[in-house]
Amino acid sequence: MTDSILYTSDSDQQFSKTALFCPTCEHASPIGSDWIMDDSVQRDRLLCPRCGTVVVDQPQL
Ligand SMILES: [Zn+2]
């Protein structure tokens, strides 16, 4: 059924908007859940809780 395919792609889009994905260990979870906020820098920096990779690194606005 094409209906189920449409439903799947729609939920994938929603997921990608609210979730972060670690390219190193493939850990994925929503923003604000288990990602580690690095408060030692004046930037919006989030670290992966599993491997420590910097997943988000951008100037604070
Ligand atoms: Zn990771």
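Predicted model: local features only at pLDDT ≥ 70, side-chain atom pairs only at ≥ 80, totals over all residues.
Me: Which pattern does the chain follow along the sequence?

Reply: The chain has one helix and five strands. Read along the sequence, the pattern is α-β-β-β-β-β.

Me: How do strands join into a sheet, and in which order do they stand here?

Reply: Strands of a sheet pair through backbone hydrogen bonds, in either a parallel or an antiparallel way. In this model, three strands form an open sheet in the order β3-β4-β5, with antiparallel pairing. The edge strands are β3 (36-37) and β5, each of which pairs on one side only.

Me: How many bridges link β4 and β5?

Reply: Strand β4, residues 43-47, and strand β5, residues 54-59, are paired over five bridges in the antiparallel sense.

Me: Which residues of β5 stand opposite Asp44 and Arg45?

Reply: Side chains in a regular strand alternate between the two faces of the sheet. Here Asp44 is opposite Gln58, and Arg45 is opposite Asp57.

Me: What lies between the two strands of that hairpin?

Reply: Six residues separate β4 and β5 in the hairpin, and Gly52 there takes a positive phi near 80°.

Me: Where is Glu26, and what is its phi?

Reply: Most residues other than glycine have a negative phi. Glu26 is not a glycine, yet its phi is positive, at about 65°. Glu26 sits in the loop between β1 (19-21) and β2 (28-30).

Me: Is Glu26 buried or exposed, and why?

Reply: Glu26 counts as exposed because 10 other C-beta atoms lie within 10 Å, and the cut-off for exposed is 12 or fewer.

Me: What share of the chain counts as buried?

Reply: Of the 61 residues in the chain, 8% are counted as buried.

Me: Which residues make up the largest nonpolar core?

Reply: The largest nonpolar core consists of five residues, namely Cys22, Trp35, Leu46, Cys48 and Val55.

Me: Which residues is Trp35 in contact with, leaving aside its neighbours within four places in sequence?

Reply: With those neighbours left out, Trp35 is in contact with Leu20, Leu46, Leu47, Pro49 and Val55.

Me: What share of the contacts joins residues 24 or more positions apart?

Reply: Among contacts in the chain with a separation of 6 or more, 24% are between residues 24 or more positions apart.

Definitions and conventions
Residues numbered from 1 in each chain as written. Core = buried A, V, L, I, M, F, W, Y, C linked by C-beta atoms within 7 Å. Buried ≥ 20, exposed ≤ 12 C-beta atoms within 10 Å, placed from the backbone. Contact = placed C-beta atoms within 7 Å. Pairing = 2+ DSSP bridges. Helix = DSSP H or I, 4+ residues; strand = E, 2+ residues; numbered from the N terminus.
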